[in-house]
Amino acid sequence: MKRILFLVSNLDCGGVQKSFVNLINAMDRKRYEIDVFLFVHGGAFMRFMPADVNLIRSDYTEYLFYYFPKSIKALISHGYYGLAVKRLFQFLVSRFSRSYGGFLMSRMIKPLDKYYDVAIDEGGQALLYYMVDKVNADKRYSFFHSDYAQWDYYYRMDKKYYPLIDGVLTISEQCVNSIKKYFPFVSDKTYLMENISSVDFIKSLSLDVVSDIPFSRDHRILMTLGRLCEEKGVDLALDVAKELKNKGLKYRWYFIGDGPKRALYEKKAHSLGLDDEVFFLGMRINPYAYIKLANLIVHPSLYEGKSIALDEVKILCKPLVITNFSTVKDQFEDRVNASICDFTVESISDAIVELLDNESLRNTYIRNLRNNIYDNTDQVNVLYDLIDK
């Protein structure tokens with residue numbers, strides 16, 4: 001039985017984490033002995049981790065990966081004074097070079113003594129550098145979950161480490177082409193493996209009852225899923241929300257997700273007079289029951305790899321307004337199964353109003369989504385092939 005190691009930063013609510021949980025549940029765990037080095041334990045998706053997977057834990061590594069300055073406080077309170085100084089230096093360096101900051105983080109992670117047939121990092125960056133330098137494995141693969149052209153902050157270090165691994169996995173044709181463009185020397189070992197979304201799992205969870213949001217027939221329900229950050233277009237969404245209110249639309253817009261800037265976004269929503277329209281729900285272990293309630297989903301992201309949240313929206317057949325980021329056409333076709341917009345308040349707000357008012361267009365999207373529901377758990381075979389070859 002081959003021994004497999006996965007390196008995962010955390011299991012908080014996020015696309016990379018959800019992709020990993022779906023992958024680990026799809027894997028045949030009688031076929032492989034699977035260890036997961038989870039740098040920060042806990043998080044919304046811990047409940048979905050299979051009991052027969054061995055979780056590796058290192059206290060001081062966990063403290064390192066806390067957000068700054070929480071990490072410094074945790075290290076000091078547990079007596080890791082030298083590491084606290086190194087983590088502070090790493091944080092300062094990362095303000096100028098994320099690439100070198102990621103390398104310095106990898107230097108501080110506790111090494112593992114166990115030998116593995118295959119090691120796989122989920123997310124690259126510090127995990128990649130650690131895997132190459134400190135993990136004893138015959139084969140090493142890095143899983144990059146985005147369009148590298150939109151997330152090239154680690155290029156200077158990645159170009160040194162990608163030649164040292166056995167392959168790069170990524171989630172769409174656009175993402176594959178982007179990796180090949182930046183790293184032509186790994187063109188022959190870059191592999192497409194889609195994020196795994198189980199149709200039965202998602203549909204069953206969507207049947208749960210939601211009781212913590214108000215419901216009124218007089219208000220349309222909009223919903224946005226994802227991390228609360230600039231890259232996901234939250235600032236843009238709030239400006240759109242203000243424009244919708246100015247147009248007289250009666251709606252409630254729920255944001256499912258969290259992030260360190262949540263308080264700032266709540267403050268901005270208040271300053272825009274949106275206390276009765278915009279609600280930040282935070283992380284939800286089961287977002288599918290909330291998606292089920294929405295009249296439509298709004299996804300104002302500035303860029304994506306291949307969003308697992310959007311794959312799940314497709315499975316639940318919800319009408320969608322989405323921005324025209326670089327990989328959007330890997331998942332959607334404008335006015336066939338979604339309304340694709342420019343990155344402007346006017347374009348997004350107009351699309352929302354049109355879709356809410358146009359029942360025929362909504363039904364077209366729903367029908368086309370329903371006719372193309374895709375369960376891709378067989379994508380795990382891509383990984384099997386790499387492990388076993």
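The model is predicted, with local features needing pLDDT of at least 70, side-chain atom pairs counting only at pLDDT 80 or more, and totals for chains, interfaces and linings using all residues. Residues are numbered from 1 along each chain as its sequence is written, and side-chain values use heavy atoms, leaving out hydrogens and water.

Start by selecting F37 and Y130. They make an edge-to-face aromatic pair, 6.1 Å centre to centre with 70° between the planes (ring centres of Phe, Tyr or the six-membered ring of Trp within 6.5 Å; planes under 30 degrees apart are stacked, over 60 edge-to-face, the rest tilted). F37 sits in strand β2 (residues 32-38) and Y130 in helix α6 (residues 126-134), so the pair ties together parts 93 residues apart in sequence. Helices (H or I, at least four residues) and strands (E, at least two) are DSSP runs numbered from the N terminus. F37 is buried at 1% relative accessible area, and Y130 is buried at 0% (buried is under 20%, exposed over 50%, partly exposed in between, with a 1.4 Å probe and protein chains only).

Next, pick F144, Y148, Y155, Y162, Y182, F183 and F185: ring pairs link them into a cluster. The structure holds 26 aromatic pairs.

Now for charges over rings. Select K70, which lies over the face of Y66, 4.4 Å from the ring centre. Then go to K314, whose charged end sits over the ring of F332, 5.2 Å from its centre. The test is NZ of Lys or CZ of Arg within 6 Å of the ring centre and within 35 degrees of the ring normal.
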